[in-house]
Amino acid sequence: MLILGRADLEAVLEPRELIDALSQAFIDHAAGRSLVPPRATVPVTDDGVLMLMPAAAPADDGLALGTKLVTFYADNQARGAPTIHSTYILMDGGTGRPLALLDGAFLTGLRTGAASALAARHLARKDARALLCFGAGVQAGFQLLCLTAELRIDHVVVIGRDPERARRFADSWRERLRLPVTVASDPHAAVADADVITCATTAATPLFDGRRLKPGAHVDAVGAFQSTVREVDGETVRRARVVVDQPGTIDNAGDIALAIKEGVVTRAHVVGDLATLVSGAVAGRTRPDEITLFKSEGFALEDIVAARLAYVRAAARGLGRVVDLAC
């Protein structure tokens with residue numbers, strides 16, 4: 001088995017290549033060539049759960065099989081430990097043989113950003129230049145990395161709860177992206193001016209007023225994954241052409257579920273998911289002035305595609321550490 005840590009994944013996974021790999025994977029999924037069961041959740045303690053995200057998908061040499069193991073312990077911050085731990089196990093789908101054990105945190109962050117970029121390929125305006133980022137944490141960085149790899153963004157504005165953290169985040173990503181990255185001086189004006197808005201926060205209530213969105217804006221929301229919390233309000237959902245990463249997101253993510261519960265929209269307002277969007281079964285952006293929304297909860301197909309790509313690239317370059325499980 002090949003062990004791949006964060007440094008190995010950083011060395012072999014390139015955003016644009018992963019975006020393209022996800023595109024083909026969702027086309028295959030639309031054609032019924034992959035299997036992605038619902039996420040399984042196992043309560044462990046009063047504050048902790050184990051989540052399993054399995055998938056099987058086509059690979060160049062047959063079939064890829066794998067599952068992500070995620071633990072979420074709400075009280076871990078008080079224990080001095082991360083709230084989320086994540087590991088991915090990749091296997092040969094033809095034999096069941098374990099192939100690799102990968103760091104799940106980096107894998108999840110990059111595939112989430114890449115899925116957003118893939119959605120933006122179909123939903124954002126081709127002339128989108130101004131990117132507004134709600135959030136100044138790790139996932140917000142992955143969103144910037146992938147969205148700027150796909151879109152011709154020429155400047156980024158950041159909004160964060162902690163002004164000093166937002167400033168450090170902007171300074172870091174200005175250097176990394178080699179683009180102007182600034183902290184918003186007027187959040188309301190930043191929303192009104194943005195061509196693309198990405199939301200990668202732990203917020204429980206809407207981050208902005210959907211009435212402020214300009215015609216043609218694209219909104220990307222990845223932070224909320226529970227049915228009772230949301231980053232975007234019902235007005236944003238109502239005004240937008242809505243696509244989700246997978247059908248279950250409609251019920252699992254509060255951004256959509258609460259808008260339906262409040263009677264702002266019906267389930268039919270969601271026009272499709274990434275598979276139907278990328279395969280062409282449903283249209284992406286239909287008008288220059290159309291507001292679009294992509295809501296992502298996280299989909300196991302994205303994990304296995306990223307894990308398989310990392311494994312193939314790392315094995316070819318001799319990266320990682322090989323262990324013999326039989327010893």
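**View 1. The largest pocket and the residues around its centre.** The largest pocket in this predicted model has a volume of about 1800 Å³, and of the 49 residues that line this pocket, those closest to its centre are I84, Q139, T201, T202 and G223.

**View 2. Helices and strands that line the largest pocket.** At least two lining residues of the largest pocket come from each of the strands β3 (48–59), β4 (62–73) and β5 (84–92), and likewise from each of the helices α4 (104–123), α5 (138–150) and α6 (163–177). Among the contributing elements, α4 gives the most to this lining, with seven residues.

**View 3. Residue classes in the lining of the largest pocket.** When the lining of the largest pocket is divided by class, 23 residues are nonpolar and 18 are polar, while eight are charged.

**View 4. The second largest pocket and the residues nearest its centre.** The second largest pocket has a volume of about 400 Å³. Its lining is made up of 15 residues, and P58, A59, D60, V305 and R308 are the ones that lie nearest the centre of this pocket.

**View 5. Elements and residue classes in the lining of the second largest pocket.** Two or more residues of the lining of the second largest pocket are given by each of α2 (15–30), β3 and α12 (300–317), and the largest share, six residues, comes from α12. By class, this lining holds 10 nonpolar residues, one polar residue and four charged residues. The strand β3 is also listed among the elements that each supply at least two residues to the lining of the largest pocket.

Notes. Residues numbered from 1 in each chain as written. Predicted model: local features only at pLDDT ≥ 70, side-chain atom pairs only at ≥ 80, totals over all residues. Heavy atoms only, no water. 1 Å grid on protein atoms, 1.4 Å probe; cavity = no way out; pocket = protein on both sides within 12 Å on 5 of 7 lines; lining within 4 Å. Points joined across faces, edges and corners; volume = space filled by probe spheres on them. Helix = DSSP H or I, 4+ residues; strand = E, 2+ residues; numbered from the N terminus. Nonpolar A, V, L, I, M, F, W, Y, C, P; charged D, E, K, R; others polar.
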